[in-house]
Amino acid sequence: MTPIVDLRSDTVTQPTVDMRNAMTAAPLGDDVFGDDPSVNTLQEKIFSLLGFEAALFVPTGTQGNLCAILSHCQRGDEYIVGQFAHCYRWEGGGAAVFGSVQPQPLQHQADGTLSLEDIEAAIKPDDAHFARTRLLALENTLGGKLLPFEYLQKATQLAKSKGLATHLDGARLFNAATAQASVTGADVRKEARRIASCFDSISVCLSKGLGAPVGSVLCGSREFIASAHRIRKMAGGGMRQAGVLAAAGTYALDYHVDRLSQDHALALRLSEGLAWLPGLEVETPHTNILFVDLVGSAKARSAELLHYLKTNGILATGLYRLRFVTHLDVDAAGIDRAIAAIKVFFEA
Ligand SMILES: *Cc1c(COP(=O)(O)O)cnc(C)c1O
């Protein structure tokens, strides 16, 4: 049987043999007592890599963002966030549900940014009518798009000048850094650090393109991480011999960062393979996520296309738009199979 080409998400990756070996060999302790050496190693590695004082290993990116928002904001505060940002749209309203923190969502510009004018206009004056605006939360990459570095600088400077804290949902920070490095020629880790340097806090997923089975890390000041640590416990994220998972994250930071450019190349290969097909509008991917819109007479056929692909062993998603995500368990042959199947679908 031909293998499944799973392009639904970069979360579907299986830990490699070497990663499993690193997990098996990891020294363990009880992380609630702070004495799991493998958790501590991961936390130190990521905060020094990104230039922060401290870090916290959390089970999910959702919990990382929740701990961040609830550490920056109190009950009755609000955070400014993009309409399609994960920590607004895709996390069950957690900041509002668990923290009584109100989101102030803003429309994205075509490049994924929030306009500086919109951000400034959304900051409420100190008046009893309003929630207190406390935080600007950005996301990079956003839907696979790299936000321009100059924009990150300007938006976070604006926020700081207005007394707001700044948080980056950097679930795919290293994809952003890889795309940025391909333009600047600098090292991927250096670009990751430059992006992170704009923000007071950042959360990074280990279980997306980096290929770990579980986990995210949240970075910030010592004081911020102490607060996030308390919230993590409250949210049920105090894990015990968590080093078995953290070791996978450390392995991923050591061995899976420099290969992300391969995922980006495969997303580009897919986009180029589909670009000329009638009925498809293909957005050139910056990183590992390709969005495709069906247009004209093909417009209503997305469910049909996804079903057809599935029967041919190719998985993708289509909640808002068709989405194809590349990762370490996809290769060029798989991408070419996807291209061929989509071609047949439209020719039939
Ligand atoms: C996946 C993702 C998260 C949350 O990660 P989970 O581990 O699935 O909770 C947060 N932000 C972005 C941008 C993501 O893509």
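Tutor: Start with a cut-off: a residue is called exposed if its relative accessible area is over 50%, and buried if that value is under 20%. Keep in mind that this is a predicted model.

Student: Okay, so why is L319 called exposed?
Tutor: Its relative accessible area is 66%, and the cut-off is over 50%, so L319 counts as exposed. You'll find L319 in the loop between β11 (314–315) and β12 (322–325). Together with F84, W90 and Y320, L319 forms a nonpolar patch on the surface, with about 470 Å² of accessible area.

Student: And why does F291 count as buried?
Tutor: F291 has 15% relative accessibility. F291 sits in strand β10 (residues 289–294).

Student: What does F291 touch, leaving out residues up to four places away in sequence?
Tutor: Its contacts are G143, E281, V282, E283, R321, L322 and R323.

Student: Now helix α14: which of its residues are buried?
Tutor: They're G334, I335, A338, I339, A341, I342, F345 and F346.

Student: How do you know that the buried residues of α14 line one face?
Tutor: Look down the helix axis: the buried residues fall within an arc of 165°, so they line one face of α14. On the other side, A333 and E347 are exposed.

Student: How many residues does α14 have, and how far does the helix reach?
Tutor: α14 (residues 332–347) has 16 residues and reaches 22 Å from first C-alpha to last, close to the expected 22 Å.

Note on methods:
Residues are numbered from 1 along each chain as its sequence is written. This is a predicted model: local features need pLDDT of at least 70, side-chain atom pairs count only at pLDDT 80 or more; totals for chains, interfaces and linings use all residues. Side-chain values use heavy atoms; hydrogens and water are left out. Patches are made of residues with over 30% relative accessible area and no salt bridge: like charges are joined within 9 Å, nonpolar side chains (Val, Leu, Ile, Met, Phe, Trp, Tyr) within 5 Å. Accessible areas come from the Shrake-Rupley method with a 1.4 Å probe; for residues, only the protein chains shown count as cover. A salt bridge is a side-chain nitrogen of Lys or Arg within 4 Å of a carboxyl oxygen of Asp or Glu. Helices (H or I, at least four residues) and strands (E, at least two) are DSSP runs, numbered from the N terminus. Buried means under 20% relative accessible area, exposed over 50%, partly exposed in between (1.4 Å probe, protein chains only). The expected span of a helix is 1.5 Å times one less than its number of residues. The arc is that of the directions from the helix axis to the C-beta atoms. Contact means heavy atoms within 4.5 Å.
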